[in-house]
Each structure stands twice: as structure tokens, then as C-alpha cells.
Amino acid sequence: MTDRDDFLTWVRTDLQDAERALHDGDPAPRRALWSRREPVSVLGAWYNALGLEDVDTLFTALAKRFSACTSYRIEVLSHDVVGDAAYTACFEHISTSVDGEARTYTLRATQTYRREDGAWRVAHRHGDLVQA
């Protein structure tokens, strides 16, 4: 397998599992896959965060709003790996409860990653809601 193949496998397993956990109310798996080195940032569909402290606060706030995730799937549209940096451009298809109300929606998300101590870590996320 190539470095690109290994990265894509990680996205479709570990990253997807962590995102599903967040949408089920557990921020720990997502937090574990994010870089602990600055800079980190989120330009999110609902909230923005700059820096480790803000990003951690954001993950906790999101997890409190989500529960009862019945489906979470990453549809990778484009990705690449160049040395210790990578990116993904994806659709995220989600069925979960938001503030106790069942919702199904799709996010458009672009993320950048860096390899730290041999493992991929998310450094930046930009996501927005796909309008029907």
C-alpha cells in the first residue's frame, strides 16, 4: 500500500469512527485525533475555534448538542498526502439528534492533517451545511 492508501484507510476507519462518536455525544475520540500542537483551527458550520483551548471547548459544546447518532459516513471527494501533510475534501452524511431533535443532513468539509510522531492528526477543519 502507498502512503495515500494508508492515509485514506485511516480516514475511513479511525477518523470516521471518531466523528460518529462525536455525533453520538462523545468528544474524546475526536479530540484524540486532533493535533495537540499549535496552530489548530475550526471554521465550522455552527462554531469557529482558534487554538487548542478554543478547539477543546468547541468539541465539548458540540458533543453536548449531539446524541443518538444512527448514521455517519464520510464520502471522500478528493485527498492527497505530501510528506507529513495531507488534506481531505469530503461530504459527511449524518443522521443524529441535535438538541434532542432527530436530523439528517450533509456537511461539506475540508480538513488538513499533519503527521506527528508517526500518526495522522487533524490541524484544521472547515465545514458548512450543504443546502438542498
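This is a predicted model: local features need pLDDT of at least 70, side-chain atom pairs count only at pLDDT 80 or more; totals for chains, interfaces and linings use all residues.
Helices (H or I, at least four residues) and strands (E, at least two) are DSSP runs, numbered from the N terminus. Residues are numbered from 1 along each chain as its sequence is written, and side-chain values use heavy atoms, with hydrogens and water left out.

I will start with the sheet. Two strands count as paired if DSSP finds at least two bridges between them. On that basis there is an open sheet of six strands, in the order S2-S1-S6-S5-S4-S3, with mixed pairing. S2, residues 48–50, and S3 are the edge strands; each has a single partner strand, so one side of each is left without a neighbour in the sheet. Direction ignored, neighbouring strands are turned by 25° against each other on average. As background, strands of a sheet pair through backbone hydrogen bonds, either parallel or antiparallel.

Now two of the pairings. S3 and S4 run antiparallel and are joined by 13 bridges. Ile-74 has Glu-92 in S4 as its bridge partner, and Val-82 has Ala-85 in S4. The two strands form a hairpin with two residues between them, and Gly-83 in the turn has a positive phi of about 65°. S4 and S5 also pair in the antiparallel sense, over 14 bridges. They too form a hairpin with two residues between them; here Asp-99 in the turn has a positive phi of about 55°.

Next, the helices. H1 covers residues 3–22. How far apart should its ends be? At 1.5 Å a residue, its 20 residues should span 28 Å, and the end C-alpha atoms are 27 Å apart, which agrees. The expected span here is 1.5 Å times one less than the number of residues. H1 also has a kink of about 35°, centred on Val-11. The bend at a residue is the angle between axes fitted to the seven residues ending there and the seven starting there.

Which residues of H1 are buried? Buried means under 20% relative accessible area, exposed over 50%, and partly exposed in between, with a 1.4 Å probe and protein chains only. The buried residues of H1 include Phe-7, Trp-10, Val-11 and Leu-22. The buried residues of H1 pack against several elements, among them helix H2 (28–33), helix H3 (52–65) and strand S6 (119–129). Contact means heavy atoms within 4.5 Å.

How do the helices lie on the sheet? H1 lies across S3, S4, S5 and S6, and runs at about 160° to S3. H3 lies across S1 (41–43), S2, S3 and S4, at about 140° to S3. Axes are lines fitted to C-alpha atoms, for helices over the stretch in contact, and angles run from 0 to 180 degrees between N-to-C directions.

Two residues in the strands are worth a look. Ser-97 lies in strand S4. At 12% relative accessibility, Ser-97 counts as buried. Its bridge partner in S5 is Ala-102. Leaving out residues up to four places away in sequence, Ser-97 touches Arg-65, Phe-66, Ser-67, Ala-68 and Ala-102. Val-81 is in strand S3, and at 12% relative accessibility Val-81 is buried. Val-81 and Asp-6 are 75 residues apart in sequence, yet 9.9 Å apart in space, C-alpha to C-alpha.

Last, the salt bridges. A salt bridge is a side-chain nitrogen of Lys or Arg within 4 Å of a carboxyl oxygen of Asp or Glu. How many are there in the whole structure? The search finds 11. One of them joins Arg-65 and Asp-99, at 2.6 Å from N to O. This pair links distant parts of the chain, 34 residues apart, with Arg-65 in helix H3 and Asp-99 in the loop between S4 and S5. Arg-65 is partly exposed at 22% relative accessibility, whereas Asp-99 is exposed at 54%.

Another joins Asp-84 to Arg-115, with the closest N and O atoms 2.8 Å apart. Asp-84 sits in the loop between S3 and S4, and Arg-115 in strand S5, 31 residues apart. Asp-84, at 48% relative accessibility, is partly exposed, and so is Arg-115, at 23%. Salt bridges that share partners join Asp-3, Asp-84 and Arg-115 into one network.
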